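Please look through the sequence and the model below before reading on.

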Amino acid sequence: MSERSGTNPSAGDIRQILIEYCILPLGSEAIRNSCPLIRSILLAGPRGSGKKALLHAICTEVGAVLFDLTPANIVGKYPGKSGLIMLIHLVSKISRLLQPAVIYMGDAERPFMKKVPKTDRTDPKRLKKDLPRLIKTIAPEDRVIFVGTSSLPWEADQKLLQQTYNRFIYIPRPDYGARSSAWKALAK
């Protein structure tokens, strides 16, 4: 049996899903109001599979503003409970003002991990309770989406992860054909 037994989505499948869930709703108010409300998606796959590149492609395609809430990015900023409340409030308000907007979290499993390593100084669990609330504040008329990326989604509490993200998209490593066509396009 070959490695591609039909379980991995193709690049075309992933592109179609991202167009339907992210690009079209963010790009057009009419489409956003007429399609099902997808407030958040999780791009999951191994390191180096292109999850962050897909995130930037979504932002570029619709001209969206990117808000990065990755735990390593906000460490030491907005300290304490009042600072965290202010951060969530600011991201919520400004993302609505600057629509279309993408709120991003890298290593999205980290706020929901059962046990954070002692060497981790980013305090990822700080956002655990506020992330679902932030996502629930995204109204149907808002052209805002929350996108998380994760290479280790199984390390998170699955119930909390599923409450936070509406859709999960698996991004496999590119196969030989995809790599070959990328190299040919880059060589031109």
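A residue is called exposed here when its relative accessible area is over 50%, and buried when that area is under 20%. With these cut-offs in mind, and remembering that the model is predicted, one may begin with helix α3, which comprises residues 51–62 and spans 17 Å from its first C-alpha to its last, close to the 16 Å expected for its 12 residues at 1.5 Å a residue. Its buried residues are K51, L55, I58, C59 and V62. Because these residues cover an arc of only 95° around the axis, they lie on the same side of α3. On the other side of the helix, A53, T60 and E61 are exposed. Just after α3, G63 adopts a positive phi of about 70°.

What lies over the buried residues of α3 includes the helix α1 (11–27) and the strands β1 (40–44), β2 (65–68), β3 (101–105) and β4 (144–150). The helix lies across these four strands, β1, β2, β3 and β4, and runs at about 165° to β3.

The sheet itself is open and is formed by five strands in the order β2-β3-β4-β1-β5, with parallel pairing. Since β2 and β5 (167–170) stand at the edges and each has a single partner strand, one side of each is left without a neighbour in the sheet. From one strand to the next, the twist averages 25°.

Note on methods
Residues are numbered from 1 along each chain as its sequence is written. This is a predicted model: local features need pLDDT of at least 70, side-chain atom pairs count only at pLDDT 80 or more; totals for chains, interfaces and linings use all residues. Side-chain values use heavy atoms; hydrogens and water are left out. Helices (H or I, at least four residues) and strands (E, at least two) are DSSP runs, numbered from the N terminus. The expected span of a helix is 1.5 Å times one less than its number of residues. Buried means under 20% relative accessible area, exposed over 50%, partly exposed in between (1.4 Å probe, protein chains only). The arc is that of the directions from the helix axis to the C-beta atoms. Contact means heavy atoms within 4.5 Å. Two strands pair if DSSP finds at least two bridges between them. Axes are lines fitted to C-alpha atoms, for helices over the stretch in contact, and angles run from 0 to 180 degrees between N-to-C directions.
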